[in-house]
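Here is a friendly walk through two parts of a structure. Have the model open as you read.

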Amino acid sequence: MRRVIYRLGWPGTIALLCVMGFICMALFAPWLAPYPAQGAGAPNVVAKLSPPSADYWFGTDHLGRDVLSRVIYATRISLSNGILIVGFSLLIGLPIGLAAGYFGGWVDEALMRVTDVFLAFPALLLAVLMAAAMGPGFLNSVIAVAVTWWPWYARLARAEGMVLRGQPYVEAARLAGVSHPRIILRHILPATGRPLTVQAALDVGPALLTAAALSFLGLGVLPPDADWGQMVDAGRKFFPARWWYSVAPGLTIFLVALSFSVLGDALRDRTKGPSRASA
Amino acid sequence: MPLLEIRGLSITIPTPKGDVRAVRAVDLSVERGEIHGVIGESGSGKTITGTAMLGLLPQGTKVEAERFHFDGEDLRQSADRLRGNRIGLISQDPAAALNPVLRIWRQMDDVLRLHRKAPRAERWAEAVALLASIGLNDPEKVLRSYPHELSGGMLQRVVIAQALATGADFLIADEPTTALDVAVAMQVLELLRQLVATRGLTVLLITHDMDVIAEVCDRVTVLYHGRSLENGPAEQVLQRPEHPYTRALLAALPDAAPRGERLATVEGLFIDPETGALLQGDQP
Amino acid sequence: MTGTPMLEVRDLVIRYRSGLFAPRAKPAVNGASFQLMPGETLGIVGESGSGKTSLLRAILRLLPVESGSIEMSGQDWLAIKGRSLRQARQAIGVVSQNPFLSLSPRLSVREILAEPLQAAGQSAGAALNARIETLLGDCGLPANFRDRRARELSGGQAQRVAIARALALEPQLLVLDEPTSALDVSVQAQILNLLADLKQQRGLSMLFVTHNLKVVAHIADRLMVMRRGDVVELGATERIVAAPAQDYTRQLLSFGLNAKTHWAKGQGVQAR
Amino acid sequence: MNIIRYILRRMVLSAFVVVGVTFLVFTVAQVVPSDPAALYAGPRPSAEQIAKARVELNLDAPLPTRFLTFASAMATGDFGVSYKSRRLILEDLKAYLPATLELAVFSTAIALLFGVPLGVMAAARQGRWFDRLASLSAIASVAMPTFFLAMLLQLIFSQWLGVMPLSGRTSREVGITDPVAQVTGFLLIDSLLAGRPAAFGNAMLHLILPALTLASYPAGVAMRLTRSAMIEILQRRHITAARALGLSQRRILFGHALPNAMGPALTVIGLSFAFALTGAVLVEIIFAWPGLGRYVSEAILAKDFPVIAAVTMVVTICYVVMNLIIDVAQALVDPRVALT
């Protein structure tokens, strides 16, 4: 523990604890939620839109469900949304970027022109178009965001691949007769894969933000499932008079994204890895 | 009284992994109007000694010395004031020492404006004259150029001109020719020699290269692992070195032995970092 | 030294590809020709922009050639492609400038030395380990260095490992690209001595590329001086050192400490 | 000379990108949805109506032909007819684009005005309390969901404090007392042209909350990018050289380091602008701002693909042009860029 605090500093350590806390919340939702049935979607019409109280800490929604329980259950969907987006993106972006950077020449030219097209869109707009075309739903929204997300990893991986290809030790391996696949596996992938994976893990925060925006537009999960973005949207009809409905999930998104960002900064300060600035 | 007088200099730099004693015991005495060489291999502390004179070491660095004086003033207090007025720096890679996105004129003018409240046209004329005086043809074109449009030798001249524009009479030249080709290096060294003769400059020339010392230095101090081992007139140190390390270093030069013969190496000879004593055997 | 040359380069021209809308570039190497006999060391000397590095990279087939020919032991070297090129290249050992960049920071010395051996089809095991220890010994390093990583080595030690790797597949030709430029003078002397020993023991042919004429003059049988893509001087080391035909070469020789004592007495820069 | 070559190259690349963008939008809008004809034909269409729609939409033609038709239509500004309103999309765009651009330009300006100077100051005081505080605010503004921030600001400033209008682009009363003729579509400009300061003030007041919301995220990004760029630059050797020449801290910071940070700062303009254009989708719904964002969000609910496709095309092309300008500006600021 002391070593973690030393390495990450206090803000980083707190952020790490928060991230771990949210993961636990997702895993143990049925045990943590005060009203598990309502969390899962069962209506409770006797307590429609009650303000925060001892019984309902964050109030209730338009079907009388405990907002706290709903938020805890929504952690499952929102977190896995972020993780899947980043995972898919890495799966597409890393090989494309590495191939472009390592082989260079026309391979690079072809792959990067395709990547450029995806990067030419303001990210959220392409996601909206994709999600609208495929229709709402959990997996569709993941795919829609991943489509706008992977080019960033391709760019990063390409830059790394280009640097590494020119490294004398990689050239030495090539001159010693080591084959391309083996060089990529042994020299290129370990050098790029690891920092990029760390980067991606930290991008779960921003990815989740984007996914929440889609949900807010009605392009995410469908009721009775809920994620945070959709809850904020649902609460908007009763806003600002019944503000609690939207505020609890909204603040939760903020906290999760903040934790990931602070943790990312703490790690980056230590490792000086690639930085990503986009949305 | 020497212009620069350093006795028992010790520098400790804090790093995340603990303090590093980069300089342990350096004595250095530079007379007015000479080119004084400081020679040492990597880790000898030569560059850090130079940086300390400019007061540009990282914060928290401990500089201790019996004497650390420039023209009678303690550098520990007055380095910030002397730098840019009397002490100038010429660093290894002129391309890195100039701002890549500003034209040369902007970078010359920054210095000129600091020292003289003259109208722009006068400053321009002064910059032109200064560049011409150190052997740059077409100084107006140089002033209008970006650094990447000039060659290494031209850039190094610009850096020297900047230092002269501050009015400095003491230049710290840290490996001023290492990044340059031989012909250009010779020109730059020749220029330094001229400036010493015509403008009464004093130059502290920090280098790893015995050839550079042999070309221009009047006197030389040999550094090793943060200690000064010997000093004296360049001729004497190069021809009749007293310290065994200096002797070994000279014998290791590739042209010290005829072709095909083995070169002497410094193997089996090292200096105890704590005491400074010369020892035989394997380095621990 | 008669028979088939180890390496023969004829009228080699190398030009970098210029981009869209860019004017055609000047050639980096403008018609270089030379021979390297078995057991011979040729020093290629040039400063920045001389084309020495391009020439070297073309010989290693890392750069395309515009025209001219390269023959390796009498075979057309430029005609070899793909997998056979990968195998053929194993007959050349390469040592580059900065040992810390040319050794993977992630691998141990053992893994670094095993890489070319395994690429040539040797399987891991006792024989491989024994071979690695021999290589280390040949380059003046104790066997227990095999478990170290590059960052735990000094500059000289790291360069010795790089030389050991270059020798792993028993090449006939050793290509040295500024092998001592990143090292201190005292370490440079050690590496030059090691190279001299290897040359004597193994009868290696060497191409020694550097900007420092004095370094290579110490070890090379013949010298080739390049400037702005052209070969300006080519001949026996003694001949060039004693009586350089070009002012440029004279300038390179006349600089520094021993210029005034050993060679070309009195022809230095303005005597002080 | 280099710079002209550089601009030409960027333009060719941008043209490639526009073709690619058109292709992608075509694919997503016309190929992915299960049956555009059914959507086009209106609610509960008969088989006959659908068949008619297929012909009208040219859906039976081979894909390459359809793409070419689509691309040439886009190129001439013929975005077709909205499935829902049956109005010409081009007319709608003309009506809504200025409102969104007004918001985007305003919020980008706010983002840069706050983000860049804060980044410079934080870098100059690296590790001190000012830096920590500024960095924390920046990170918070980056982590805040735009739509939620919009609602919070409404809650605090309109509902609780009552100092700001809740939504809309102008108040209805002002529309009656001080009518403004539409000339440019930019209300701030039009109200000045019409000589109606009351209308201008009212429009400004309505603009503040949405613009602040949209500026929050890019301001945070701008601050962080500028800060890290400046920190890196301040460690370069030419900065040490400038110090050795005796230049003042101020001069070094603003005269020497900041020009080097112009590259990253220009990048931020592009990012901010892109964010403002897309964030508008979220913010315009909440603030009932009559712009492209609200237009497209209504189209999403109605599965009105021609509208979504048209807005995506127009906004993306704005963005591509913006990036082209930034690339060229970068080459002008740092002449080495054009050499690569």
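## A salt bridge between chains A and D

Let's start with one pair of side chains: Asp265(A) and Arg224(D) form a salt bridge, and their closest N and O atoms are 2.8 Å apart. Please keep in mind that this is a predicted model. Between chain A and chain D the count is 1 salt bridge, and the count of residue pairs in polar contact, with both residues at pLDDT 80 or more, is 1.

Which elements of chain A give two or more residues to the side that touches chain D? They are helices H5 (105-120), H6 (123-134), H10 (204-216), H11 (228-236) and H12 (244-271) of chain A. H12(A) supplies the largest share of that side, with 12 residues.

## The wider A–D interface

Now for the interface as a whole. Contact between these two chains involves 44 residues of chain A and 45 residues of chain D. Together, chain A and chain D bury about 3,900 Å², with 85% of this area on carbon and sulfur atoms. Sorted by class, the side of chain A that touches chain D holds 34 nonpolar, 5 polar and 5 charged residues.

## A helix in chain C

Over in chain C, helix H6 covers residues 155-167, 13 residues in total. From first C-alpha to last, H6(C) reaches 19 Å, close to the 18 Å expected at 1.5 Å a residue.

Why is H6(C) largely enclosed by the rest of the structure? Because 11 of its 13 residues are buried. Among the buried residues of H6(C) are Gly156(C), Gln159(C), Arg160(C), Ile163(C), Arg165(C) and Leu167(C).

How values were computed: Residues are numbered from 1 along each chain as its sequence is written. Chains are lettered from A and ligands numbered from 1 in the order in which they are written. This is a predicted model: local features need pLDDT of at least 70, side-chain atom pairs count only at pLDDT 80 or more; totals for chains, interfaces and linings use all residues. Side-chain values use heavy atoms; hydrogens and water are left out. Helices (H or I, at least four residues) and strands (E, at least two) are DSSP runs, numbered from the N terminus. The expected span of a helix is 1.5 Å times one less than its number of residues. Buried means under 20% relative accessible area, exposed over 50%, partly exposed in between (1.4 Å probe, protein chains only). Contact means heavy atoms within 4.5 Å. Buried area is the accessible area (1.4 Å probe) that two parts lose on being put together, summed over both. A salt bridge is a side-chain nitrogen of Lys or Arg within 4 Å of a carboxyl oxygen of Asp or Glu. A polar contact is a pair of N or O atoms within 3.5 Å; within protein, one must be able to donate a hydrogen and the other to accept it, and residues adjacent in sequence count only if both atoms are side-chain atoms. Ala, Val, Leu, Ile, Met, Phe, Trp, Tyr, Cys and Pro count as nonpolar, Asp, Glu, Lys and Arg as charged, and the others, Gly among them, as polar.
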